Amino acid sequence: MKLSHILGAAVAAPAAVCIGRALAAKPTAAADAKIDLKNDDRAKAYGERLARMVRCETISSRDHMDLSKFEKFHSLLAELFPHVHASCEKHVFDGSLLYKWAGQGEADPIILMSHQDVVEAGGKWEHEPFSGDIDETGRVWGRGTVDTKASLFCIFTALEELIASGFVPAGDVYIASSCTEEISGSGAPATVAWLKSQGVKPSLVLDEGGMILESPMAGVKGLYAMGGVVEKGYADVKFTAKSNGGHASAPGKNTPLVRLGRFMADIEDHPPFRRQLSPTMEEMFRRLAPNMGFGLKTVMTNLWLFRPILLKVLPAINASAGAMTQTTLAFTTAKGSDGLNVLPQEASVCANLRFIPHQGTDESLAVITDMAKKYGLETEVIYKGYPSGSLDLNGEAFAIVQDTINAVFPDVCVMPYVVTGGTDARFYGEVCDSCVRFSPVLYGPEQMAGMHGLNENIETNCLPPAVDYYKAIIKAQETR
């Protein structure tokens, strides 16, 4: 046999395997899934009640925490959900809330979470950010509708309606709602400390993080429920360059701002962090692949061959997916001289880091500190946290969430993923190793753009199925 024939066969064999695997990945029901969203009386009533929660401004602040606004919000909750407040034990930790609905059996407790606080709402909005306006299409407008008063409303409503019907859960059910989630404050840690002191060990913690999305990646068809099963760590870091300063009319070389600029450019041009596909991402791609175009499907069903290429190009293809493969660093603030004609004696930039589990907090900080030293920079860690543990995708907790999603939202594909943002659930690893970050709310591009941005709003017709989901999660205690 000629060498050319041998080489041709060597190339053809893996190509045939790749094509065969891609062809075997048939489109799933998720590709054509629809959620029956009705603008009926139930959706309208829910929207009006959610709007009242939105009108109660609950911006949290690191510099000046005004607890009176949260006390006002608590009073509104008591008015909107009287059965919850009459039947549940309530605890308040400097504005953060914990409710206990006592169960009648021996089932393990569960915790349903969604925070009260919201971020600032600057800029020009189509509707004022705390108006709670409801437009003719049935959208509620205002800061916090998506992040996360809608899910908080749905949790409270589920309990309110179950209690009113006479239902009693098989085990204790907790609602946890901090007022410091957006500022990484003390609310969730204080709540966890109380749970530990009482010996509470929930079998499941449900928090925000994922949601139901249409086409979560370019080239992917269908509806997907994004269940966050691992959360990246978080840090704020300051890099400082020093010199003797001087007059701007006679600048020297390598002044503080120049060194900082070269450092930042080096980070952007040559990211120092290691990329890797975790088991969570591999399972995510496995579930997404059937509903991809043939080319992308071929890549995703043959990671044994295309993994190195995918890791290299993924950040350019999809920034969110790329962030799931490595520690990320984003420069956020900068300070130099106060005078326009004065060379700074000291200049600094701050960066926000999100740590991937395979190159965690301490290793990533060591990498970036060594890199900063090459430019004569000092590194100060302002705050640091660690990645969460990863949920067992074959365990009972994920199965309960997946089965409940499938029951309430038929044909929607459940997609495990790495949470790149921060949630209060990261503190709950001390009491529970089964935290799922998922809100059962359908978000479109408009809702995603409004999160922490302008014109945040949510469709009222997505609220009833979300309430039904939380009811089903509570009732699932009976079958465990």
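Contact here means heavy atoms within 4.5 Å, and helices (H or I, at least four residues) and strands (E, at least two) are DSSP runs numbered from the N terminus. With those terms in hand, let us walk through the model. The structure is a predicted model, in which local features need pLDDT of at least 70 and side-chain atom pairs count only at pLDDT 80 or more, while totals for chains, interfaces and linings use all residues. Residues are numbered from 1 along each chain as its sequence is written, and side-chain values use heavy atoms, with hydrogens and water left out.

A word on confidence comes next. The predictor's confidence in each residue is pLDDT, which runs from 0 to 100. For the protein chain the mean pLDDT is 93, and 97% of the residues reach 70 or more. Residues 1-11 are another matter: pLDDT stays under 50 there, and the model has one contact beyond four places in sequence for this stretch. Where pLDDT is low, the predicted coordinates should not be read in detail.

Now to the helices. Two packed helices are described by the angle between their axes and the distance between the axes. Axes are lines fitted to C-alpha atoms, for helices over the stretch in contact, and angles run from 0 to 180 degrees between N-to-C directions. Take α2 (residues 41-55) and α5 (residues 145-164), which pack with their axes 10 Å apart at an angle of about 120 degrees. The two helices are therefore oblique to each other; angles under 35 degrees count as roughly parallel, over 145 as roughly antiparallel, 65 to 115 as roughly perpendicular and the rest as oblique. On the α2 side, R42, Y46, R49, L50, M53 and V54 take part, and they meet T145, K149, A150, L152, F153, T157 and E161 of α5. Sorted by class, this contact has seven nonpolar, two polar and four charged residues, where Ala, Val, Leu, Ile, Met, Phe, Trp, Tyr, Cys and Pro count as nonpolar, Asp, Glu, Lys and Arg as charged, and the others, Gly among them, as polar.

While you are at α5, look at T148, which is found in this helix. A cis peptide bond joins D147 and T148, with omega about -10 degrees. For context, most residues other than glycine have a negative phi, and most peptide bonds are trans.

The axes of α13 (residues 396-408) and α15 (residues 463-475) come within 10 Å and cross at roughly 140 degrees. That makes α13 oblique to α15. Here I400, V401, T404, I405 and V408 of α13 meet P465, D468, Y469, A472 and I473 of α15. By class, the contact has eight nonpolar, one polar and one charged residues.

D411 has a positive phi of about 75 degrees although it is not a glycine. At 48% relative accessibility, D411 counts as partly exposed; buried means under 20% relative accessible area, exposed over 50%, and partly exposed in between (1.4 Å probe, protein chains only). S184, in the loop between β5 (171-177) and α6 (187-197), also has a positive phi, near 50 degrees. S184 is partly exposed, at 21%.

Finally, visit G103, in the loop between β2 (96-101) and β3 (107-113). G103 is partly exposed, with a relative accessible area of 25%. Leaving aside neighbours within four places in sequence, G103 is in contact with V168, P169, A170, G171 and D172.
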